Amino acid sequence: MTMLLLNVFGGLAIFIFGMQLMSDGLHQVAGERMRSILRLFSANRYVGVLSGAVVTTVIQSSSASTVMVIGFVNAGLLTLVQAMGIIFGANIGTTVTAQLVAFDIQWIIMPSIILGLFLSFIPKKNVANWSSTVIGFGFLFLGMTLMSGELKTLSENESFKGIFQIFPCAPVDGVMPLTGVLGALLVGVIATMVMQSSSACTGIIIALAASGLLDLYTGVVLALGSNIGTTITAQLAAIPANRVAKQAALAHTLFNMTGCVIVCVTFWITWNQEPVFFSLVQWISADGSLARQVANAHTLFNVCTTLILIPFIPMLAKICEKVLPLKDKKTKYQRLEPRLLETPSIALAQTTSAIRKMLKKAWKMVDGTLRMYNRNDEKTQKLLAQLDKREEDVDTRQKDITSYLSQLMQHPLTADEARQIPILLHCTNDVERIGDHAFVIRAVMERVATSGCKFSESVEQEYEILYREVNELAKRTIDALADNAPEHLRMAAQLEKNIETQIVRAEAGHFTRLNEGRCTPEAGLLYLEILEEFRKLTRHLTNVTDRAGMIYARLPKAGKEN
């Protein structure tokens, strides 16, 4: 008995290992494209359901799909309704695993393992990922075969068999026992919460059914419970996330629970002395095995409940918003979302977004100090009073972006993605330096005020022209980080030339005035310092703009920027 149990758990371990290996391999092979599908093909709830189903079918993990979606919501890349559609579609995609393990294809086990091992010797990243997928596929069925074989032997032991009859769900006089149904549901929920994989739990249920330890009714109810239990993954992923992400996780739980309730109600509606749902399962399965019937019931449940509830997604979203209302009017999105590190292209685009926001903050500081000379109103004074705090915020953003890019470097990157990182780091440093110049400009302006210097009318006109053009360059740079459109880059290049020409002309005019005695040395020195600050600001902005054409444009977002 002890040896049999060890063999069962050994087979289970191989089964779960194979599933994880196959899922990870598929994740690496198709992950980037699949994440793009999740992000881009979510325009409406119907397309979202389809994209969620496709992605989960390919990467063979509804948990991975759900966690990705929670990350997208937390970063502001998806709205609640969009996320719900994708998560519901993932429920359909995950049924493919159950359909796979219900096949009796032992002949493919050894060829898969041999082929996968052969592929592992080929030193190419994509081939190595396929190696994991193929070997995982072989181990999946090897574990299933070992587990099923030992379970069939154990099914002859009445004591062992009695364990699986604690919560019998088979109809008595055409009626399924309520206690048995609730008990089996709870077992399915707890088992999946512990295993963190509904696919693995459903695979075990199918193995138990194939060995004769479970009847169709109990197996199906356990599978329904696993659909509720799998929502714990989304709940855990949403713990550190914002309120909207928590609403998406709640929607996943409510959807699966509602679907289970709908199906369970049919257990007490009979057709020819058989619960309606099971009559439909048996009709679909024809003369299929018990394992096939459980797999078909799992698919039928997820497909039907999704189709029934799709029209009610907006209503379910409102319920989630009522249960978990936003604490603040403005939702805080985490642009540098850790889960997006698994999606380098999107993580890089989000980093660009963070740099753009950082530049807007830094330029607001500079603009406030440049306004001190002839626009020193109450608004400017208020901004100047917050200058130290704003500088601290810009420095923190620089550290966060640098840390995020450092973490991203630890993930598998394409050559193009790897080239993006130093470019973004240089942009971050330039933006931080722009913030530093605000303090230099403030010090110069304070010296202008305390010295009592008054610039001539021509100098003030020069200052005004430079102020407007540098401000316009900053706006173009910010816009270039948003979408690196050619017109922004062209305009920024032209502005840079205009500003340098204007500075050179202003310096020449200044020296002429000094020679003619129309300007005091003290005022002249201060004006030269201001011109040099304009030149340095222009240089930093131009550095960012030049690199903007080489970096990923920021992705459109669902929420407002903050």
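This is a predicted model: local features need pLDDT of at least 70, side-chain atom pairs count only at pLDDT 80 or more; totals for chains, interfaces and linings use all residues.
Student: What sits at the start of α13?
Tutor: Asparagine 242. One of its side-chain oxygens comes within 3.2 Å of the backbone nitrogen of valine 244.

Student: How does the reach of α21 compare with the expected value?
Tutor: α21 covers residues 457-483, 27 residues in total. From first C-alpha to last it reaches 40 Å, close to the expected 39 Å.

Student: Which residue follows α21, and what is its phi?
Tutor: Asparagine 484 follows α21, and its phi is positive, near 35°.

Student: Back to α13. Which residue is found in the loop between α13 and α14?
Tutor: Glutamate 274 is found there, with α13 at 243-266 and α14 at 276-285.

Student: Is glutamate 274 buried or exposed?
Tutor: Glutamate 274 is buried, and it has no salt bridge.

Student: How far away is the nearest side chain of opposite charge?
Tutor: That is arginine 292, at 17 Å.

Student: Then what polar contact does the side chain of glutamate 274 make?
Tutor: Its partner is the side chain of glutamine 282, at 3.2 Å.

Student: What else does glutamate 274 touch, leaving out residues up to four places away in sequence?
Tutor: Besides Gln282, glutamate 274 touches Tyr217, Ile269 and Ser279.

Student: Which aromatic cluster does Tyr217 belong to?
Tutor: Tyr217 forms one cluster with Phe267, Trp268, Phe277 and Phe278.

Student: How many aromatic pairs are in the whole structure?
Tutor: The search finds 9. One of them joins phenylalanine 267 and tryptophan 268, with 6.1 Å between centres and 55° between planes.

Student: Why is that pair called tilted and not edge-to-face?
Tutor: Edge-to-face requires over 60 degrees and stacked requires under 30, so the 55° of phenylalanine 267 and tryptophan 268 makes the pair tilted.

Student: Switching to charges. How many salt bridges does the structure hold?
Tutor: There are 11 salt bridges. One of them is between the side chains of arginine 433 and aspartate 436, at 3.1 Å from N to O.

Student: Where do arginine 433 and aspartate 436 lie?
Tutor: Both lie in helix α20, residues 415-451. They are 3 residues apart, about one turn of the helix. Arginine 433 counts as partly exposed, at 36% relative accessibility.

Student: Which residue does glutamate 500 meet in a salt bridge?
Tutor: Glutamate 500 meets arginine 535, at 3.3 Å from N to O. The pair links distant parts of the chain, with glutamate 500 in α22 (residues 486-515) and arginine 535 in α23 (residues 521-548). They are 35 residues apart.

Student: How accessible are glutamate 500 and arginine 535?
Tutor: Glutamate 500 is partly exposed at 29%, while arginine 535 is buried at 14%.

Student: What does glutamate 532 form with arginine 535?
Tutor: A salt bridge, with the closest N and O atoms 3.1 Å apart. Both residues are in helix α23, 3 residues apart. Glutamate 532 is partly exposed, at 27%.

Student: Which residues are linked in the network of salt bridges with Arg535?
Tutor: Glu500, Glu507 and Glu532 are linked with Arg535 in that network.

Student: Where is lysine 318, and is it buried or exposed?
Tutor: Lysine 318 is in helix α16, residues 313-323. It is exposed, with a relative accessible area of 58%. Lysine 318 is 71 residues from glutamine 247 in sequence, but their C-alpha atoms are 9.6 Å apart.

Student: Last one: where does glycine 180 lie, and what does it touch?
Tutor: Glycine 180 lies in helix α9, residues 178-195, and is buried at 4% relative accessibility. Not counting residues up to four places away in sequence, glycine 180 touches Phe167, Pro168 and Cys169. Cysteine 169 is 11 residues away in sequence and 5.1 Å away, C-alpha to C-alpha.

Notes:
Residues are numbered from 1 along each chain as its sequence is written. Side-chain values use heavy atoms; hydrogens and water are left out. Helices (H or I, at least four residues) and strands (E, at least two) are DSSP runs, numbered from the N terminus. Buried means under 20% relative accessible area, exposed over 50%, partly exposed in between (1.4 Å probe, protein chains only). Lys and Arg count as positive and Asp and Glu as negative; His and the chain ends are not counted. A salt bridge is a side-chain nitrogen of Lys or Arg within 4 Å of a carboxyl oxygen of Asp or Glu. A polar contact is a pair of N or O atoms within 3.5 Å; within protein, one must be able to donate a hydrogen and the other to accept it, and residues adjacent in sequence count only if both atoms are side-chain atoms. Contact means heavy atoms within 4.5 Å. Rings of Phe, Tyr and Trp (its six-membered ring) pair if their centres lie within 6.5 Å; planes under 30 degrees apart count as stacked, over 60 as edge-to-face and the rest as tilted. The expected span of a helix is 1.5 Å times one less than its number of residues.
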